[in-house]
Amino acid sequence: MFDALTDKLTNVFDGLTGRGALSEKDVSAAMREIRVALLEADVALPVVKDFIGKVKEQAVGEAVIKSVTPGQMVIKIVHDALIEMLGGEDEAGPKLKIDSPPAVIMMAGLQGSGKTTTTGKLARRLKEKERKKVLLASLDIRRPAAMDQLAILAEQAGVDSLPIVKGQLPVDITKRALQAAKLQGYDVVILDTAGRTTLDEQMMGEAEEVAKFANPSETLLVADALTGQDAVETAKRFNERLPLTGLVLTRMDGDGRGGAALSMRAVTGLPIKFLGVGEKLDGLDVFEAKRVAGRILGRGDIVSLVEKAGEQMDAEKAERLAKKMAKGQFDLDDLAGQLRQMQQMGGLGGIMGMLPGAKKAKQAMAGMNVDDKMLKRQESIIYSMTKKERAKPALLNASRRKRIAAGAGVEVSDVNKVLKMHQQMSTMMKKMGKGGMKGLMGAMGGMGVNQADLAKMAARNKSGGMDGDAGGLPGLGGPGAPGGLPGLGGGSLPGGLPGLPGTKKK
C-alpha cells in the first residue's frame with residue numbers, strides 16, 4: 001500500500017544523503033517534496049501541516065547542519081516524526097482488555113469494510129495466540145446470509161458461534177450470547193454488528209443500544225483503508241456516537257495510497273490495533289508504529305519477518321534439519337521444504353517487503369520476471385524426481401534430468417538451475433557444520449556476499465541508528481550493498497542466494 005509513498009520519500013532522501021553538507025535551503029526544499037508526497041498519498045491536510053512543522057523545526061537546527069552526516073540526521077528526524085504520527089513508541093501491540101471473562105468485544109463499521117471477516121480473523125488470533133475460548137455472535141439481521149457467513153468463519157477458525165434463531169432483534173441476540181458465555185465458560189464474546197453502505201441514524205441507534213446493554217470492554221471500528229479520507233470521516237462519526245477503543249484497518253495489502261492509515265490515528269486519537277491483509281483467516285497483523293514507519297521509509301520490518309518465519313516453522317522439522325546440517329547433510333527434500341516455507345511466508349514479494357533497502361532488488365525481480373511462480377516451479381521440479389534421486393542428487397545424469405524436465409513441464413536448463421542451487425546450499429551447510437559461524441561467513445564470501453558489508457550492517461544494528469545508507473542488508477541492491485541478492489538475476493546479482501537460482505537476461 002505504501003509503495004508509491006516509499007518511492008517518493010526514497011528519492012528525496014537519496015538527494016539528501018548524496019551531499020556532504022546541507023544548507024537550510026536544501027532542508028526546506030526536501031520538506032516541500034515530502035509535503036507533496038504525503039498529500040499525494042491522500043494524508044489529511046491538517047496532519048501533513050502538523051507533521052512538516054515538527055520535522056522542519058528540528059531539521060533546520062544546528063544539530064543537523066553541523067552533523068557529520070546531515071542527510072542521515074534528517075532521515076532519522078522524519079522516521080521519529082512518522083512514529084509519533086502513527087501513535088508513538090508505546091504503540092506496540094494490540095493490548096486488548098480481555099481480563100474478566102466473559103469479555104465483550106464489539107465490532108462496528110460500514111457494510112463492505114470487511115467487518116465479518118475481521119471478526120473471524122480476530123477470533124482465530126485470540127484462540128491460537130492467547131489460548132482464549134471464544135464465542136462469535138452475529139447481530140446482522142438484515143444482510144442476507146450474514147449470520148451463516150459468520151458461522152462458517154467460526155468453524156474455519158476453530159471457535160464456536162451462537163446458534164441462529166430467526167426473528168430476534170440485535171439486543172435479544174446480545175442477551176442470549178452473554179448468557180451462553182457465562183453458562184459455558186467463554187473467555188471472550190465477539191459481537192459482529194450490522195453495517196450499512198452509509199452512516200444512518202437507524203444503524204447508529206442500534207449500535208448504541210447494543211453497546212449500552214453489553215458494556216463491551218473493547219469497541220473496535222473496522223475501516224477499509226482503500227476508501228482514503230472517507231475512512232477517516234467514518235471513524236470520526238462513529239467515535240462521536242460510540243465509545244470506540246481502537247481501529248482495525250482492512251485491505252492494507254491493496255494498492256491504495258495509504259493516506260487513511262497515516263491520518264486515522266492523528267485525526268481520531270484512537271489507537272490502530274490491527275491491520276487486515278488478505279482474505280485468509282491468518283491475515284491479521286498487529287499494528288506497531290515503529291514497524292510501519294520502517295516500511296514506509298524503505299527500512300523494512302525484520303522483526304515481522306522473523307515472527308512470520310517462527311509461525312511457519314515446524315519445531316520438529318527444524319530440529320531434524322539442524323541435526324542434518326551439523327553433519328553437513330542437505331538433500332533436495334530439505335530444499336523443497338525451504339521453498340515451501342518461503343511461499344507460506346508470503347512468497348518473494350512478501351519477504352522482500354520486510355527487508356531493508358529492498359526497492360532495487362524488487363525492481364530487478366520485476367524486470368527479470370522473477371516471481372512466486374518460480375518457487376512453485378522449482379518445487380514441482382524436485383517432486384518430479386524419485387525419492388532416491390532427491391536423497392542422492394549425484395544420481396541425476398543427463399537422461400534422468402531430461403525425464404524430470406518432461407515430468408515438470410520445464411526445460412532441462414531449469415532442472416540444472418535447481419541442482420546448482422542445491423549444490424550451493426549444500427556447500428554452505430557443510431561449511432556451517434564444520435566451522436560454525438566462521439564457516440558460514442566463509443561460505444557467504446564464496447557466494448559473492450561482501451563480508452565487509454555484513455560487518456557494517458552488524459555495526460549499524462548494534463548502534464541502533466537510522467542511518468541513511470539505504471543499503472540495509474548486503475546484497476539488496478542499495479548503495480551500501482553492491483553484492484546484490486545473489487540469484488535474483490540482473491546487474492550485480494551474480495551468485496545465487498541459496499534457494500533462489502540466478503536468472504540470466506535473454
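Helix axes here are lines fitted to C-alpha atoms over the stretch in contact, and angles run from 0 to 180 degrees between N-to-C directions. Helices (H or I, at least four residues) and strands (E, at least two) are DSSP runs, numbered from the N terminus. You are looking at a predicted model, in which local features need pLDDT of at least 70, side-chain atom pairs count only at pLDDT 80 or more, and totals for chains, interfaces and linings use all residues. Residues are numbered from 1 along each chain as its sequence is written, and side-chain values use heavy atoms, with hydrogens and water left out.

Let's begin with two helices. The axes of α5 (residues 70–86) and α12 (residues 289–296) come within 9 Å and cross at roughly 130°. That makes α5 and α12 oblique to each other, because this word covers angles that are not under 35 degrees (roughly parallel), over 145 (roughly antiparallel) or 65 to 115 (roughly perpendicular).

Now turn to strand β6, residues 246–250, where 5 of 5 residues are buried, meaning under 20% relative accessible area with a 1.4 Å probe, protein chains only. Gly246, Val248 and Thr250 point one way from β6, while Leu247 and Leu249 point the other way.

β6 has partners, and two strands pair if DSSP finds at least two bridges between them. Strand β5 (residues 218–224) runs parallel to β6 and is joined to it by 5 bridges, with Ala223 opposite Leu249. Strand β7 (residues 272–276) also pairs with β6 in the parallel sense, over 3 bridges, and there Leu275 is the bridge partner of Leu249.

Terms used
Buried < 20%, exposed > 50% of the residue type's maximum accessible area, 1.4 Å probe, protein only.
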